[in-house]
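Student: I have a structure open and want to go through its details. Can we take it step by step?

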Amino acid sequence: MQKYFDTISNSKLFNGKTKEEIEKILPDMKYRILEFKKKQVILNSGEICTGIYMILEGEIEVQKNLESGRLYSILYKKPGDTFGGAVLFSDTKSFQVDLMAETDCKLLQIPEDSVRNVLCADSRINSNMMNIMANTVMNLNKRVELFAVTSIRRKIAFAILNALGDGENGCIDFPISKKQWAEHLNVSRPSLSRELKKLQDENIIEIEKGRILIKNTEYLKEIIQND
C-alpha cells in the first residue's frame, strides 16, 4: 500500500486530509487491492455495486453499449480517480455502464459498510464524496450534450472549451491518445486529424505532442454557436 500512498493522499476523496490522518483512516476501511489485465472487464452493466473504487495504477475506460449494438466510449479514468459512489447510493445500486481496463491496472476497493462508516465519522471526506458524485453527474451531462452535436468541428470545439474551463486563451493536456479522443468524440480518427489540421492552419489552435494551445477562444465559441 505504501507504494500507492501518494496517489491515495492526493486523490479528491482525501482532499484536505493530512497524510497522518489518512494513515489512521485506511486500516479501518477493510480495503482490497484488485488487479486487472489490459482489456479485461472490470465491471459489467447491471452488476450490483458493493463499494467504491479508486484507481491506484493504470487507466480504465467507461463504455456504454446501446441496444443497437453500438459501443460508445464515455470517458477515461486515471490514477487517483474514484468511481462507484453515485451508483452505491442510488436506488438501483447497479452499474449502467461497462468498465474495462484500458491498461494493466490496480484498484483500491472499499466495501459499502466501510464507506458508510467513514462518511458518518468524517465530515470532510463526506463533503469530498458529494463533490465527486456531483462532478460525475456534471461530466455525464456534458457527454449527453456532446452526443447531440453532429458537426466534427463543433465536437472538437466543445471538447476543447470544456477541458479549458472558464479561462481564456491557454493550454490543455489530453491524457488520452488521438485514437481514444476520436472514440470519445464518436468520430473516426482520420476525420478528427483532418479537422484538427484545419484548425491549426486557421491559427485557431496549435498542437504539440498531445498538448493543445488555444490561440483563439472566441472563434471556438463561435463554432459552437454558429457552425
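Student: Is Glu21 buried, exposed or partly exposed?

Tutor: First, a note on the source: this is a predicted model, in which local features need pLDDT of at least 70, side-chain atom pairs count only at pLDDT 80 or more, and totals for chains, interfaces and linings use all residues. Residues are numbered from 1 along each chain as its sequence is written, and side-chain values use heavy atoms, with hydrogens and water left out. Buried means under 20% relative accessible area, exposed over 50%, and partly exposed in between (1.4 Å probe, protein chains only). Glu21 has a relative accessible area of 32%, so the label is partly exposed.

Student: Which residue forms a salt bridge with Glu21?

Tutor: A salt bridge is a side-chain nitrogen of Lys or Arg within 4 Å of a carboxyl oxygen of Asp or Glu. The closest N and O atoms of the pair are 3.8 Å apart.

Student: Where does the salt-bridge partner of Lys30 lie?

Tutor: Lys30 forms a salt bridge with Asp113, with 3.8 Å between the closest N and O atoms. Lys30 is exposed at 57% relative accessibility, while Asp113 is partly exposed at 38%. Lys30 sits in the loop between α2 and β1 (32–36), and the pair ties together parts that are 83 residues apart in sequence. Asp113 lies in helix α4 (residues 112–121).

Student: How many salt bridges does the count come to?

Tutor: The 4 Å rule for nitrogen and oxygen applies. By this rule the count is 14.

Student: How many disulfides does the count come to, and why is Cys49 not in a bond?

Tutor: A disulfide is a pair of cysteine sulfur atoms within 2.5 Å. The closest cysteine sulfur to that of Cys49 is in Cys105, 16 Å away, too far for a bond. Cys120 has its closest cysteine sulfur in Cys49, at 17 Å, again too far. The count is zero.

Student: Is Cys120 buried or exposed?

Tutor: Cys49 is buried, at 1% relative accessibility. Cys120 has a relative accessible area of 74%, so this residue is exposed.

Student: Is Glu102 buried or exposed?

Tutor: Glu102 lies in the loop between β7 (98–101) and β8 (105–111). Contact means heavy atoms within 4.5 Å, and beyond four places in sequence Glu102 touches residues including Lys38, Lys39, Tyr76 and Gln180. Its relative accessibility is 12%, so Glu102 is buried.

Student: Which residues of helix α7 are buried?

Tutor: Elements covering the buried residues of α7 include β5 (71–77), α5 (123–148) and α6 (152–164). Asn186, with a positive phi near 60°, follows the helix. The buried residues of α7 (residues 178–185) are Gln180, Trp181, Ala182, His184 and Leu185.

Student: Which element gives the most to the lining of the largest pocket?

Tutor: The lining has 30 residues, with Leu75, Tyr76, Lys78, Asn139 and His184 nearest the centre of the pocket. On a 1 Å grid over the protein atoms alone, a pocket is an open set of points where a 1.4 Å probe fits, with protein on both sides within 12 Å along at least five of seven lines; lining residues have an atom within 4 Å of a point. β5, α5, α6 and α7 each supply at least two lining residues. The top contributor, with eight residues, is α5.

Key: Helices (H or I, at least four residues) and strands (E, at least two) are DSSP runs, numbered from the N terminus.
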